[in-house]
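Subject: Structure handover

Hello,

Please find the structure below. My notes on what was found in it follow.

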Amino acid sequence: MNKQFKKALPRWVTTVGVLSLVLVLATACTQEQKEQGTAGEAGQKIKATTTIGMISDIVGKVGGDHVEVTGIMKSGVDPHLYKASQGDMRKLDQADIIFYNGLHLEGKMQDILEKIGKQKPVIPVSKNIAQDQLRAGSPEMGSEHDPHIWFNVQNWMSAVETIRDELSALDAAHAEDYKANAEAYLAELRRLDDYTREQIASIPEAQRVLVTAHDAFGYFGDAYNIQVKGLQGMSTESEAGSQDVTKLRDYLVEHKIKAVFVETSVPRKAIDAVIQGAAQQGHTIRIGGELYSDAMGKEGTEEGTYIGMVKHNVNTMVKALK
(Lines give C-alpha, C1' and ligand atoms only; values in the text may rest on other atoms or scores of the structure.)
Protein backbone atom coordinates (compact mmCIF):
# COMPACT_ATOMS: atom_id res chain seq x y z
CA MET A 1 0.00 0.00 0.00
CA ASN A 2 1.60 3.27 -1.04
CA LYS A 3 1.97 6.24 1.30
CA GLN A 4 -0.52 8.43 -0.62
CA PHE A 5 -3.26 5.81 -0.33
CA LYS A 6 -2.55 5.33 3.40
CA LYS A 7 -2.80 9.09 3.92
CA ALA A 8 -6.18 9.30 2.12
CA LEU A 9 -7.66 6.26 3.90
CA PRO A 10 -9.07 7.96 7.02
CA ARG A 11 -10.89 10.59 4.95
CA TRP A 12 -12.28 7.89 2.64
CA VAL A 13 -13.42 5.74 5.55
CA THR A 14 -15.12 8.76 7.16
CA THR A 15 -16.94 9.64 3.93
CA VAL A 16 -18.19 6.08 3.50
CA GLY A 17 -19.32 6.04 7.12
CA VAL A 18 -21.32 9.25 6.74
CA LEU A 19 -22.90 8.06 3.50
CA SER A 20 -23.84 4.78 5.15
CA LEU A 21 -25.45 6.60 8.08
CA VAL A 22 -27.45 8.87 5.75
CA LEU A 23 -28.61 5.81 3.81
CA VAL A 24 -29.70 4.02 6.98
CA LEU A 25 -31.63 7.08 8.24
CA ALA A 26 -33.29 7.63 4.85
CA THR A 27 -34.35 3.98 4.73
CA ALA A 28 -35.72 4.18 8.28
CA CYS A 29 -37.70 7.34 7.49
CA THR A 30 -39.12 5.80 4.33
CA GLN A 31 -40.17 2.70 6.25
CA GLU A 32 -41.75 4.81 8.99
CA GLN A 33 -43.72 6.79 6.40
CA LYS A 34 -44.96 3.58 4.85
CA GLU A 35 -46.09 2.29 8.23
CA GLN A 36 -47.67 5.51 9.48
CA GLY A 37 -48.77 7.18 6.26
CA THR A 38 -49.29 10.88 5.74
CA ALA A 39 -52.72 12.51 6.08
CA GLY A 40 -54.15 13.23 2.66
CA GLU A 41 -51.86 10.92 0.67
CA ALA A 42 -53.43 8.53 -1.83
CA GLY A 43 -55.26 5.81 0.06
CA GLN A 44 -54.59 7.45 3.44
CA LYS A 45 -57.68 9.09 4.93
CA ILE A 46 -57.67 12.08 7.25
CA LYS A 47 -58.59 10.91 10.76
CA ALA A 48 -61.15 13.34 12.19
CA THR A 49 -62.49 12.97 15.72
CA THR A 50 -65.66 14.84 16.67
CA THR A 51 -67.65 15.39 19.86
CA ILE A 52 -71.41 15.55 19.18
CA GLY A 53 -73.29 13.64 16.49
CA MET A 54 -74.37 16.73 14.57
CA ILE A 55 -70.73 17.60 13.94
CA SER A 56 -69.88 13.99 13.01
CA ASP A 57 -72.61 14.11 10.39
CA ILE A 58 -71.42 17.25 8.62
CA VAL A 59 -67.73 16.28 8.78
CA GLY A 60 -68.70 13.04 7.04
CA LYS A 61 -70.70 14.93 4.42
CA VAL A 62 -67.90 17.42 3.67
CA GLY A 63 -65.01 14.97 4.03
CA GLY A 64 -66.56 12.28 1.86
CA ASP A 65 -64.17 9.51 0.82
CA HIS A 66 -61.10 11.34 2.10
CA VAL A 67 -62.00 11.48 5.80
CA GLU A 68 -62.51 8.81 8.45
CA VAL A 69 -64.85 10.24 11.09
CA THR A 70 -64.82 8.99 14.69
CA GLY A 71 -67.52 10.42 16.95
CA ILE A 72 -67.21 10.42 20.73
CA MET A 73 -70.79 11.07 21.91
CA LYS A 74 -73.48 8.70 20.69
CA SER A 75 -77.27 8.96 20.42
CA GLY A 76 -79.03 10.11 23.58
CA VAL A 77 -75.85 11.39 25.26
CA ASP A 78 -75.98 14.74 27.05
CA PRO A 79 -72.84 16.75 26.06
CA HIS A 80 -73.23 19.14 29.00
CA LEU A 81 -72.50 16.34 31.48
CA TYR A 82 -70.21 14.16 29.38
CA LYS A 83 -66.77 13.18 30.73
CA ALA A 84 -64.11 11.80 28.39
CA SER A 85 -63.20 8.14 28.91
CA GLN A 86 -59.81 6.50 28.31
CA GLY A 87 -61.17 5.27 24.99
CA ASP A 88 -62.11 8.82 24.06
CA MET A 89 -58.60 10.00 24.90
CA ARG A 90 -57.19 7.44 22.47
CA LYS A 91 -59.54 8.67 19.75
CA LEU A 92 -58.42 12.24 20.35
CA ASP A 93 -54.76 11.23 20.42
CA GLN A 94 -54.99 9.30 17.13
CA ALA A 95 -56.81 12.09 15.27
CA ASP A 96 -55.22 14.30 12.62
CA ILE A 97 -57.85 16.95 13.37
CA ILE A 98 -60.56 17.40 16.00
CA PHE A 99 -63.86 19.26 15.61
CA TYR A 100 -66.03 20.31 18.54
CA ASN A 101 -68.90 22.74 19.08
CA GLY A 102 -67.24 25.24 21.38
CA LEU A 103 -69.10 27.83 23.49
CA HIS A 104 -68.70 25.44 26.46
CA LEU A 105 -71.21 22.89 25.18
CA GLU A 106 -68.67 20.18 25.97
CA GLY A 107 -68.00 21.84 29.33
CA LYS A 108 -66.26 18.94 31.07
CA MET A 109 -63.98 18.35 28.06
CA GLN A 110 -63.00 21.98 27.50
CA ASP A 111 -59.62 21.84 29.27
CA ILE A 112 -58.64 18.59 27.53
CA LEU A 113 -59.46 19.99 24.09
CA GLU A 114 -57.51 23.19 24.76
CA LYS A 115 -54.41 21.22 25.80
CA ILE A 116 -54.57 18.96 22.75
CA GLY A 117 -54.98 22.09 20.61
CA LYS A 118 -51.35 22.95 21.31
CA GLN A 119 -50.25 19.84 19.40
CA LYS A 120 -52.73 19.50 16.50
CA PRO A 121 -55.71 21.31 14.91
CA VAL A 122 -58.61 21.40 17.39
CA ILE A 123 -61.40 23.40 15.77
CA PRO A 124 -64.57 24.86 17.35
CA VAL A 125 -67.10 24.82 14.50
CA SER A 126 -68.78 27.89 16.00
CA LYS A 127 -65.72 30.10 15.53
CA ASN A 128 -66.87 31.90 12.35
CA ILE A 129 -70.47 32.59 13.35
CA ALA A 130 -70.95 36.35 13.57
CA GLN A 131 -71.09 37.64 17.15
CA ASP A 132 -74.43 39.34 16.53
CA GLN A 133 -75.88 35.93 15.58
CA LEU A 134 -74.94 34.37 18.93
CA ARG A 135 -77.48 34.41 21.75
CA ALA A 136 -76.50 35.38 25.26
CA GLY A 137 -75.47 32.52 27.53
CA SER A 138 -76.26 31.97 31.19
CA PRO A 139 -74.17 31.79 34.40
CA GLU A 140 -74.42 28.00 34.74
CA MET A 141 -72.96 27.56 31.25
CA GLY A 142 -69.66 29.24 32.06
CA SER A 143 -69.98 30.89 28.65
CA GLU A 144 -71.23 34.24 27.47
CA HIS A 145 -73.03 32.58 24.54
CA ASP A 146 -75.74 29.94 24.13
CA PRO A 147 -74.01 26.89 22.57
CA HIS A 148 -77.07 25.35 20.85
CA ILE A 149 -76.17 26.97 17.53
CA TRP A 150 -77.37 24.11 15.29
CA PHE A 151 -81.03 25.00 15.86
CA ASN A 152 -80.65 27.91 13.47
CA VAL A 153 -79.88 26.12 10.20
CA GLN A 154 -78.04 29.18 8.90
CA ASN A 155 -75.62 28.94 11.83
CA TRP A 156 -74.96 25.32 10.94
CA MET A 157 -74.22 26.38 7.39
CA SER A 158 -71.40 28.50 8.82
CA ALA A 159 -70.13 25.40 10.64
CA VAL A 160 -70.09 23.50 7.33
CA GLU A 161 -67.99 26.25 5.74
CA THR A 162 -65.56 26.19 8.68
CA ILE A 163 -65.12 22.43 8.37
CA ARG A 164 -64.61 22.75 4.59
CA ASP A 165 -61.88 25.34 5.07
CA GLU A 166 -60.09 23.45 7.85
CA LEU A 167 -60.04 20.16 5.93
CA SER A 168 -58.79 21.98 2.84
CA ALA A 169 -55.96 23.60 4.84
CA LEU A 170 -54.92 20.24 6.27
CA ASP A 171 -55.30 18.31 3.00
CA ALA A 172 -54.83 20.75 0.11
CA ALA A 173 -54.62 17.90 -2.40
CA HIS A 174 -58.35 17.26 -1.99
CA ALA A 175 -59.51 20.84 -1.44
CA GLU A 176 -61.65 20.85 -4.57
CA ASP A 177 -63.48 17.73 -3.40
CA TYR A 178 -64.17 19.29 0.00
CA LYS A 179 -65.47 22.42 -1.71
CA ALA A 180 -67.80 20.42 -4.00
CA ASN A 181 -69.09 18.28 -1.12
CA ALA A 182 -69.74 21.36 0.99
CA GLU A 183 -71.61 23.16 -1.80
CA ALA A 184 -73.89 20.16 -2.34
CA TYR A 185 -74.63 19.89 1.37
CA LEU A 186 -75.15 23.65 1.78
CA ALA A 187 -77.80 23.48 -0.95
CA GLU A 188 -79.62 20.82 1.11
CA LEU A 189 -79.40 23.01 4.20
CA ARG A 190 -80.87 25.99 2.37
CA ARG A 191 -83.88 23.83 1.47
CA LEU A 192 -84.12 22.67 5.10
CA ASP A 193 -84.06 26.28 6.32
CA ASP A 194 -86.90 27.20 3.93
CA TYR A 195 -88.91 24.10 4.92
CA THR A 196 -88.57 24.85 8.63
CA ARG A 197 -89.63 28.47 8.19
CA GLU A 198 -92.70 27.53 6.13
CA GLN A 199 -93.83 24.75 8.46
CA ILE A 200 -93.55 26.75 11.68
CA ALA A 201 -95.36 29.67 10.03
CA SER A 202 -98.30 27.31 9.38
CA ILE A 203 -98.98 27.09 13.14
CA PRO A 204 -101.46 29.79 14.29
CA GLU A 205 -99.46 32.47 16.08
CA ALA A 206 -101.37 32.17 19.36
CA GLN A 207 -100.47 28.46 19.50
CA ARG A 208 -96.85 28.96 18.46
CA VAL A 209 -95.33 28.23 21.88
CA LEU A 210 -92.64 25.56 22.32
CA VAL A 211 -92.24 24.28 25.89
CA THR A 212 -89.35 21.87 26.47
CA ALA A 213 -87.37 20.23 29.27
CA HIS A 214 -84.37 22.58 29.01
CA ASP A 215 -83.63 25.85 27.27
CA ALA A 216 -81.99 24.44 24.13
CA PHE A 217 -84.28 25.88 21.45
CA GLY A 218 -83.61 29.61 21.78
CA TYR A 219 -81.87 29.85 18.39
CA PHE A 220 -84.77 27.94 16.85
CA GLY A 221 -87.28 30.35 18.36
CA ASP A 222 -85.41 33.43 17.15
CA ALA A 223 -84.85 32.09 13.64
CA TYR A 224 -88.32 30.67 12.99
CA ASN A 225 -90.56 32.97 15.00
CA ILE A 226 -91.83 30.64 17.70
CA GLN A 227 -91.91 31.44 21.42
CA VAL A 228 -89.74 29.10 23.48
CA LYS A 229 -89.97 28.17 27.15
CA GLY A 230 -87.52 25.82 28.86
CA LEU A 231 -88.00 24.31 32.30
CA GLN A 232 -84.27 24.02 33.02
CA GLY A 233 -81.56 26.45 32.01
CA MET A 234 -79.33 26.16 28.94
CA SER A 235 -77.18 23.55 30.66
CA THR A 236 -78.67 20.39 32.10
CA GLU A 237 -76.17 20.70 34.95
CA SER A 238 -78.66 23.07 36.60
CA GLU A 239 -81.55 20.94 37.81
CA ALA A 240 -85.06 22.37 37.80
CA GLY A 241 -86.25 23.28 41.29
CA SER A 242 -89.77 23.46 42.72
CA GLN A 243 -89.95 27.18 41.92
CA ASP A 244 -89.11 26.47 38.26
CA VAL A 245 -91.83 23.82 38.10
CA THR A 246 -94.40 26.13 39.73
CA LYS A 247 -93.52 29.08 37.49
CA LEU A 248 -93.84 27.05 34.28
CA ARG A 249 -97.05 25.37 35.48
CA ASP A 250 -98.67 28.74 36.16
CA TYR A 251 -97.59 30.03 32.74
CA LEU A 252 -99.11 27.03 30.97
CA VAL A 253 -102.37 27.26 32.89
CA GLU A 254 -102.67 31.04 32.37
CA HIS A 255 -102.01 30.83 28.61
CA LYS A 256 -103.99 27.59 28.17
CA ILE A 257 -101.03 25.79 26.57
CA LYS A 258 -102.12 22.26 25.67
CA ALA A 259 -98.84 20.50 24.83
CA VAL A 260 -95.26 20.30 26.07
CA PHE A 261 -92.33 18.35 24.66
CA VAL A 262 -89.76 15.99 26.15
CA GLU A 263 -86.21 15.53 24.89
CA THR A 264 -84.31 12.36 24.07
CA SER A 265 -81.21 13.39 26.02
CA VAL A 266 -82.94 14.85 29.11
CA PRO A 267 -84.89 12.94 31.82
CA ARG A 268 -88.62 13.80 31.75
CA LYS A 269 -89.23 13.71 35.52
CA ALA A 270 -89.43 17.50 35.91
CA ILE A 271 -91.74 17.93 32.90
CA ASP A 272 -94.04 15.26 34.34
CA ALA A 273 -94.19 17.28 37.57
CA VAL A 274 -95.35 20.32 35.58
CA ILE A 275 -98.08 18.28 33.88
CA GLN A 276 -99.27 16.86 37.21
CA GLY A 277 -99.28 20.31 38.80
CA ALA A 278 -101.42 21.72 35.97
CA ALA A 279 -103.84 18.79 36.26
CA GLN A 280 -104.35 19.61 39.94
CA GLN A 281 -105.50 23.06 38.80
CA GLY A 282 -107.91 21.57 36.29
CA HIS A 283 -105.79 22.15 33.18
CA THR A 284 -104.87 19.16 31.01
CA ILE A 285 -101.50 19.17 29.28
CA ARG A 286 -100.30 16.35 27.05
CA ILE A 287 -96.88 15.34 25.80
CA GLY A 288 -96.70 16.71 22.25
CA GLY A 289 -93.86 14.37 21.33
CA GLU A 290 -90.17 13.70 21.83
CA LEU A 291 -87.63 16.11 20.35
CA TYR A 292 -83.94 15.76 19.61
CA SER A 293 -82.04 18.57 21.29
CA ASP A 294 -78.42 17.93 22.31
CA ALA A 295 -78.13 14.55 20.57
CA MET A 296 -79.43 13.07 17.31
CA GLY A 297 -81.25 9.77 16.78
CA LYS A 298 -79.63 6.37 16.47
CA GLU A 299 -77.02 5.84 13.79
CA GLY A 300 -78.50 4.45 10.59
CA THR A 301 -81.90 6.13 11.07
CA GLU A 302 -83.20 9.27 9.37
CA GLU A 303 -83.15 11.03 12.75
CA GLY A 304 -79.50 10.01 13.07
CA THR A 305 -78.61 12.74 10.56
CA TYR A 306 -78.71 16.48 11.16
CA ILE A 307 -81.29 17.11 8.44
CA GLY A 308 -83.43 14.19 9.58
CA MET A 309 -83.26 15.36 13.19
CA VAL A 310 -84.40 18.88 12.34
CA LYS A 311 -87.24 17.62 10.13
CA HIS A 312 -88.41 15.24 12.85
CA ASN A 313 -88.50 18.09 15.37
CA VAL A 314 -90.34 20.43 13.02
CA ASN A 315 -92.93 17.84 12.00
CA THR A 316 -93.50 16.85 15.65
CA MET A 317 -94.01 20.48 16.68
CA VAL A 318 -96.42 21.21 13.83
CA LYS A 319 -98.48 18.09 14.46
CA ALA A 320 -98.84 18.85 18.19
CA LEU A 321 -99.34 22.62 18.04
CA LYS A 322 -101.29 23.13 14.83
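Helix H8 (residues 242-254) has 13 residues, which at 1.5 Å a residue should span 18 Å, and its end C-alpha atoms are 18 Å apart, in agreement. The expected span is 1.5 Å times one less than the number of residues. Helices (H or I, at least four residues) and strands (E, at least two) are DSSP runs, numbered from the N terminus.

This is a predicted model: local features need pLDDT of at least 70 and side-chain atom pairs count only at pLDDT 80 or more, while totals for chains, interfaces and linings use all residues. Residues are numbered from 1 along each chain as its sequence is written, and side-chain values use heavy atoms, with hydrogens and water left out.

The buried residues of H8 are Val245, Leu248, Arg249, Tyr251 and Leu252. Seen down the axis of H8, these fall within an arc of 160°, so they line one face of the helix; the arc is that of the directions from the helix axis to the C-beta atoms. The face of H8 turned away from the buried side carries the exposed residues Ser242, Gln243, Lys247 and Glu254. Buried means under 20% relative accessible area, exposed over 50%, and partly exposed in between (1.4 Å probe, protein chains only).

Next, the cavity and the pocket. Both are found on a 1 Å grid over the protein atoms alone: a cavity is a set of points where a 1.4 Å probe fits but cannot get out, a pocket is an open set with protein on both sides within 12 Å along at least five of seven lines, and lining residues have an atom within 4 Å of a point. Grid points are joined across faces, edges and corners, and a volume is the space filled by probe spheres set on the points.

The structure holds 1 cavity of 30 Å³ or more. The largest cavity has a volume of about 40 Å³ and is lined by Trp150, Phe151, Val153, Phe220, Tyr224, Val310 and Asn313. Helix H7 (218-224) and helix H10 (306-321) each supply at least two residues of that lining.

The largest pocket has a volume of about 380 Å³. Of its 22 lining residues, Gly53, Ser56, Met296, Glu299 and Gly304 lie nearest its centre. The elements giving two or more residues to this lining are helix H2 (53-63) and strand E2 (67-71).

Regards
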